[in-house]
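Please keep the model open while you read.

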Amino acid sequence: MGCIKSKSGLTEEDLEFLKAHTRYDENTIKEWYKGFKQDCPNGNLTPVKFVDMYKMFFPSGNAEQFCDHVFRTFDTDKNGTIDFKEFLLAIDVTSAGTAEEKLKWAFRMYDVDGNGVIDQDEMTKIVQAIYDMLGAGATKPTDSAEERAKNIFSRMDDNGDGHLTEEEFLSGCMQDDELSKMLAPNVVQ
């Protein structure tokens, strides 16, 4: 079994873990790994490299703030870099996950301080980061990030306690296509 390590650089253990925890087969995982190693020869994606990659998709916008939030959500072990396993698990959820899995991932991104709930300030930070990332070429929303966040928040905060639980967030997104498109744009309804 050592041949897998020498051929692709992936350990058998990592390969088996990714096959069990993603929707990818062995060949696809190896292809992703090859690309990851080309972009990150040391095996770790840094915040700076992550922003550079994101800027390719949003060249006219300011992607830094949004990338900080996405990076934090991808970096599950909180060590300041994204390794291949973290990367592929995140790609799997954000591209091939169920609507509920994608929304749970989005909830973790919006929960900036990691306390298990989203407050108005956190919602405003993320909405502002999305607005900034859209950049000059995009059609600007008519309301400010603060107004949009306040509106979203009031529609989702079922019990009016000033915090969104994961359940309130999921329920609000599942019941409102417009909210879902804004907060988790790649969620297929």
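Axes are lines fitted to C-alpha atoms, for helices over the stretch in contact, and angles run from 0 to 180 degrees between N-to-C directions. The model is predicted: local features need pLDDT of at least 70, side-chain atom pairs count only at pLDDT 80 or more, and totals for chains, interfaces and linings use all residues. Residues are numbered from 1 along each chain as its sequence is written, and side-chain values use heavy atoms, with hydrogens and water left out.

**α7 and α10**
- Helix α7 and helix α10 (residues 166-175) pack at about 125°, and their axes are 10 Å apart. Helices (H or I, at least four residues) are DSSP runs, numbered from the N terminus.
- That angle makes α7 oblique to α10. Under 35 degrees counts as roughly parallel, over 145 as roughly antiparallel, 65 to 115 as roughly perpendicular and the rest as oblique.
- The crossing of α7 with α10 is right-handed. In a right-handed crossing the near helix is turned clockwise from the far one by less than a right angle.
- From α7, the contact (heavy atoms within 4.5 Å) takes A99, E100, L103, K104, A106, F107 and Y110. From α10 it takes E166, F169, L170, C173 and M174.
- By class, this contact of α7 with α10 has nine nonpolar, no polar and three charged residues. Ala, Val, Leu, Ile, Met, Phe, Trp, Tyr, Cys and Pro count as nonpolar, Asp, Glu, Lys and Arg as charged, and the others, Gly among them, as polar.

**α6 and its partners**
- Helix α3 (residues 26-39) packs on helix α6 (residues 84-96) at about 120°, with axes 11 Å apart. That makes α3 oblique to α6.
- This crossing of α3 and α6 is right-handed.
- I29, W32, Y33 and F36 of α3 meet F84, F87, L88 and I91 of α6. By class, the contact has eight nonpolar, no polar and no charged residues.
- Helix α2 (residues 12-21) packs on α6 at about 15°, with axes 11 Å apart. That makes α2 roughly parallel to α6.
- α2 also passes α6 in a right-handed crossing.
- D14, F17, L18 and H21 of α2 contact F84, K85, L88, L89 and D92 of α6. By class, there are five nonpolar, one polar and three charged residues.

**Second largest pocket**
- The second largest pocket has a volume of about 200 Å³.
- Its lining has 13 residues, and H21, L89, A90, V93 and R108 lie nearest its centre.
- A pocket here is an open set of points on a 1 Å grid over the protein atoms alone, where a 1.4 Å probe fits, with protein on both sides within 12 Å along at least five of seven lines; lining residues have an atom within 4 Å of a point. Grid points are joined across faces, edges and corners, and a volume is the space filled by probe spheres set on the points.
- α5 (64-74), α6 and α7 (99-110) each give two or more residues to the lining. α6 gives the most, with five residues.
- By class, the lining of this pocket has five nonpolar, three polar and five charged residues.
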